[in-house]
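Here is a walk through the inside of one protein model. Keep the structure open as you read.

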Amino acid sequence: MTATLPMTATLIDGKAFAAGLRAQIATQVQAMKAHRITPGLAVVLVGEDPASQVYVRSKGRMTREVGMNSYEHRLPPETSQQDLLALIDRLNADPAVNGILVQLPLPAHMDEAAVINSIDPAKDVDGFHILNAGRLATGQKAMVPCTPLGCLMLLRDHLGSLSGKNALVIGRSNIVGKPMAQLLLRDSATVTIAHSRTANLPDLCRQADILIAAVGRALFVKGDWIKPGATVIDVGINRTDDGLVGDVDFDAAKQVAGAITPVPGGVGPMTIACLLANTLTATARANGLPDPEGLTP
Ligand code: NDP
């Protein structure tokens, strides 16, 4: 009789991967500076949401750390949409600004889509502009949303080719689920998108060679939903009494999966690194240079 030993998945270390990526970006920024080009990223924060303030601070710090210029614009919560659009217009026209990021969520009195679509698509380093979403969906050169781009990089690094693999994306948001599915499709995976109305989710999960969880519910994906040997990417960031946890029940899933990202230290650090990657790509394109190697899908 053979005893079944509990498996332990390989840990996909997004923190280390992101550090390597930022080092690579810093080198390329130095090379651009030799040609008198310094990439610049403008981050706009409206209001005082504490989580957004933390994100904006760390984005600014990491932008400076790779040698780029960081421009931070903090506007009071009662700012009118007209004033925000006027600022975006100025940033669109400013040649020192290569990337513009408007931190979401915006206050309730603003039309998020109208604000995002007012950003010059060439400077839309979040990849949320409708033109970039359309370009990604039709296989054209686009600015690609940072979180899915980071997930794709981790998957390619771990698996090599994704061709023919069954991929399940749980979540259909415009910022994670949908662009993630587009990127997987582009890499020739067979893609299923699940959401809150999906029937038999555990069974769908059990067929997935690649499982991406972007749900926003703590420990939602159970260990016995995972296909043995699957690669699991946990996008979720949930604050609980036990600290930050993902959408996947990590302790149970790691006994079954082939590889898994931890939370924290998985996808999170990749998102900011990919924001810097997109800023570098936007700068290269604005200056007629080829896309930097390894930073675009
Ligand atoms: P959204 O709330 O916009 O989307 C969540 C998705 O999950 C929706 O499509 C929803 O379905 C689906 N969902 C909810 N409940 C269920 C359920 N019971 N079964 C199946 N699907 C369900 O979230 P985001 O996409 O913005 O973010 C997802 C998670 O990723 C969050 O935890 C967020 O904090 C995190 N995140 C992490 C980032 C990082 O850098 N690591 C960056 C961005 C997000 P429906 O559409 O039917 O409502």
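**Inside the model**

A search of the whole structure finds one cavity of 30 Å³ or more. Bear in mind that the model is predicted. About 40 Å³ of space lies in this largest cavity.

Which residues line the largest cavity? They are Ile100, Leu101, Val102, Leu104, Ile116, Ile119, Asp124, Asp126 and Phe128. Strand β4, residues 99-102, gives the largest share of the lining, with three residues. By type, the lining has seven nonpolar residues, no polar ones and two charged ones.

Now turn to the packing. In soluble globular proteins, nonpolar side chains tend to be buried together. Here the largest nonpolar core has 54 residues. Leu21, Ile25, Leu155, Leu184 and Ile212 have the most contacts inside this core. Several helices each supply at least two of its residues: α1 (14-33), α2 (50-65), α6 (146-159), α7 (177-186) and α10 (267-286). Helix α10 provides the largest share, 11 residues. The core also draws on both domain 1 (37-120) and domain 2 (145-268), with at least three residues from each.

Take Leu155 as a way in. Leaving aside residues up to four places away in sequence, Leu155 touches Gly160, Leu162, Met180, Leu184, Ile210, Ile212, Thr231 and Ile233. Among these partners, Leu184 and Ile212 are also on the list of residues with the most contacts inside the core.

Notes: Residues are numbered from 1 along each chain as its sequence is written. This is a predicted model: local features need pLDDT of at least 70, side-chain atom pairs count only at pLDDT 80 or more; totals for chains, interfaces and linings use all residues. Side-chain values use heavy atoms; hydrogens and water are left out. On a 1 Å grid over the protein atoms alone, a cavity is a set of points where a 1.4 Å probe fits but cannot get out, and a pocket is an open set with protein on both sides within 12 Å along at least five of seven lines; lining residues have an atom within 4 Å of a point. Grid points are joined across faces, edges and corners, and a volume is the space filled by probe spheres set on the points. Helices (H or I, at least four residues) and strands (E, at least two) are DSSP runs, numbered from the N terminus. Ala, Val, Leu, Ile, Met, Phe, Trp, Tyr, Cys and Pro count as nonpolar, Asp, Glu, Lys and Arg as charged, and the others, Gly among them, as polar. A nonpolar core is a set of buried Ala, Val, Leu, Ile, Met, Phe, Trp, Tyr and Cys residues joined through side-chain atoms within 4.5 Å. Buried means under 20% relative accessible area, exposed over 50%, partly exposed in between (1.4 Å probe, protein chains only). Domain bounds come from an automatic or database domain assignment. Contact means heavy atoms within 4.5 Å.
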